[in-house]
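The points below concern helix packing, a charged contact and the surface.

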Amino acid sequence: MSQAAVIALLKEMFPHGHPDFIPDTLAEMALHSRKSHDYARGGNPLGNFERRAAFYRRYPGLDLGNPVVVALVDAMKQFDAALWMLSQKYEGAVEGIGTRLGDVSVYAKLARILNEEGNGEP
């Protein structure tokens, strides 16, 4: 069934609402599928959240309102994705290992800058 046919069927089933809602929802479903390939291929679709939660639990006083911590959490997300791809021996469909590691490098530099500017409140 074509995407246009799916949209028409869904609009028939759900006739009220903004005309872009259903196509936007289908686009999100496609993105979710591609991202799940990258973050969870070969494992639990929510595994990236569980792995990172286990890591963050080791830091009981971590302040998620601290910009330095936010940059490091963002870096960890990319680092986890790269490690998962390496452990499962595949390349990402949306972003590959190299792109993820580049993001880790950028976030680490931003965390250092934020900390040096006093945003880390040490």
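1. Pro 67, Val 68, Ala 71, Leu 72, Asp 74, Ala 75, Gln 78, Phe 79, Ala 81, Ala 82, Met 85 and Leu 86 of α4 are in contact with Ile 97, Arg 100, Leu 101, Asp 103, Val 104, Tyr 107, Ala 111, Leu 114 and Asn 115 of α5. Contact here means heavy atoms within 4.5 Å. Helices are DSSP runs (H or I, at least four residues), numbered from the N terminus.

2. The model is predicted: local features need pLDDT of at least 70 and side-chain atom pairs count only at pLDDT 80 or more, while totals for chains, interfaces and linings use all residues. Residues are numbered from 1 along each chain as its sequence is written, and side-chain values use heavy atoms, with hydrogens and water left out.

3. Helix α4 (residues 67–88) packs against helix α5 (residues 97–116) at an angle of about 160°, and their axes are 8 Å apart. Axes are lines fitted to C-alpha atoms, for helices over the stretch in contact, and angles run from 0 to 180 degrees between N-to-C directions. The two helices α4 and α5 are therefore roughly antiparallel; angles under 35 degrees count as roughly parallel, over 145 as roughly antiparallel, 65 to 115 as roughly perpendicular and the rest as oblique.

4. The axes of α2 and α4 cross at roughly 75° and come within 7 Å, so these helices are roughly perpendicular to each other. Asp 38, Tyr 39 and Ala 40 of α2 make this contact with Lys 77, Gln 78, Ala 81, Trp 84 and Met 85 of α4.

5. How many salt bridges does the count give? The count comes to five, a salt bridge being a side-chain nitrogen of Lys or Arg within 4 Å of a carboxyl oxygen of Asp or Glu. Arg 100 forms a salt bridge with Asp 38, with the closest N and O atoms 3.7 Å apart. Arg 100 lies in helix α5 and Asp 38 in helix α2, so the pair ties together parts that are 62 residues apart in sequence.

6. Helices α1 and α2 pack at an angle of about 130°, their axes being 10 Å apart, and are therefore oblique to each other. In α1, Gln 3, Val 6, Ile 7, Leu 10 and Lys 11 meet Ile 22, Pro 23 and Leu 26 in α2.

7. Phe 14 is placed in the loop between α1 (3–13) and α2 (21–40).
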